[in-house]
Amino acid sequence: MVRNKNTAAKTAELLLQIKAIKLQPQDPFTWASGWQSPIYCDNRITLSYPSIRNFLREQLANQIEELYGKPDVIAGVATGAIGIGMLVADYMNLPFVYVRPEAKKHGRKNQVEGHLQAGQKVVVVEDLISTGMSSLNAVTALKEAGAQIKGMVALFSYGFDFATDNFKQAEVELTTLSDYKHLIQTAQEAGHFNDNDLQLLSSWRDDPANWSNSK
């Protein structure tokens with residue numbers, strides 16, 4: 001859920017500006033899942049732009065404080081959210097941990113890296129929400145380590161209904177700086193595409209798994 005429309009529009013504008021998000025409805029990308037997609041998002045690019053990463057960390061930190069006060073720990077989801085999560089933790093002067101997709105096969109066999117005590121209140125930071133499953137896998141690992149999950153904040157979400165359902169079922173509150181809806185509005189106002197492109201972008205959002213067959 002987006003909390004602030006102005007922040008959502010500004011975030012979308014910045015992500016488009018540095019090509020952290022690319023829109024190519026006429027020349028779609030192929031995701032690892034095999035889906036054809038008119039959009040590709042790599043928010044790690046934001047780390048290369050100091051003014052933009054500072055804006056994003058401050059907006060995420062403000063959102064966290066508004067919703068949850070000051071938690072005990074900030075957790076980033078590996079690998080995409082390690083950088084922005086660390087920036088948020090540093091800005092808020094809080095401890096930071098990150099969560100691997102799975103436990104290491106050697107050494108201490110950690111899935112949660114860093115110092116986390118049972119009972120500590122944790123807010124999870126993500127860079128991108130698609131299905132939500134990898135994000136919720138991180139939440140499960142943190143809970144198994146004894147954390148109290150207050151919620152999750154993310155830079156951007158595709159806004160899929162099934163992702164919303166996944167978070168509801170897991171009883172995890174998700175808020176994002178921006179999402180696909182606000183991105184398309186911002187891109188349209190800036191003249192990034194025509195009416196035909198808009199139709200393609202809208203139809204992908206409605207049925208992403210079968211979009212390549214429905215164009």
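**Helix packing, core and aromatic rings**

Hi everyone, let's start with two helices: α2 (residues 50–68) and α3 (residues 82–91) pack with their axes 9 Å apart and at an angle of about 65°. Before going on, this is a predicted model, where local features need pLDDT of at least 70, side-chain atom pairs count only at pLDDT 80 or more, and totals for chains, interfaces and linings use all residues. Residues are numbered from 1 along each chain as its sequence is written, and side-chain values use heavy atoms, leaving out hydrogens and water.

Some terms: helices (H or I, at least four residues) and strands (E, at least two) are DSSP runs numbered from the N terminus. Axes are lines fitted to C-alpha atoms, for helices over the stretch in contact, with angles from 0 to 180 degrees between N-to-C directions.

Which residues of α2 and α3 make the contact? On α2 they are Arg 53, Leu 56, Arg 57, Glu 58, Leu 60, Ala 61 and Ile 64, and on α3 Ile 84, Leu 87, Val 88, Asp 90 and Tyr 91. Contact here means heavy atoms within 4.5 Å.

Now the core. The largest nonpolar core has 66 residues, and Ile 74, Leu 142 and Leu 183 touch the most other members. Such a core is a set of buried Ala, Val, Leu, Ile, Met, Phe, Trp, Tyr and Cys residues joined through side-chain atoms within 4.5 Å. Buried means under 20% relative accessible area, exposed over 50%, and partly exposed in between (1.4 Å probe, protein chains only). Beyond its neighbours within four places in sequence, Ile 74 is in contact with residues including Ile 64, Val 88 and Phe 96.

On to the rings: there are 12 aromatic pairs in the structure. Rings of Phe, Tyr and Trp (its six-membered ring) pair if their centres lie within 6.5 Å; planes under 30 degrees apart are stacked, over 60 edge-to-face, and the rest tilted. Trp 35 and Phe 160 have ring centres 6.1 Å apart and planes at 80°, so this pair is edge-to-face. Phe 160 is buried, at 1% relative accessible area. In Tyr 180 and Trp 204, the ring centres are 5.1 Å apart and the planes at 55°, so this pair is tilted. Tyr 180 belongs to helix α6 (residues 180–189) and Trp 204 to helix α7 (residues 195–206), so the pair ties together parts 24 residues apart in sequence. Is Trp 204 buried or exposed? Trp 204 is buried, with 0% relative accessibility.

Finally, one aromatic cluster includes Trp 35, Phe 160, Tyr 180 and Trp 204.
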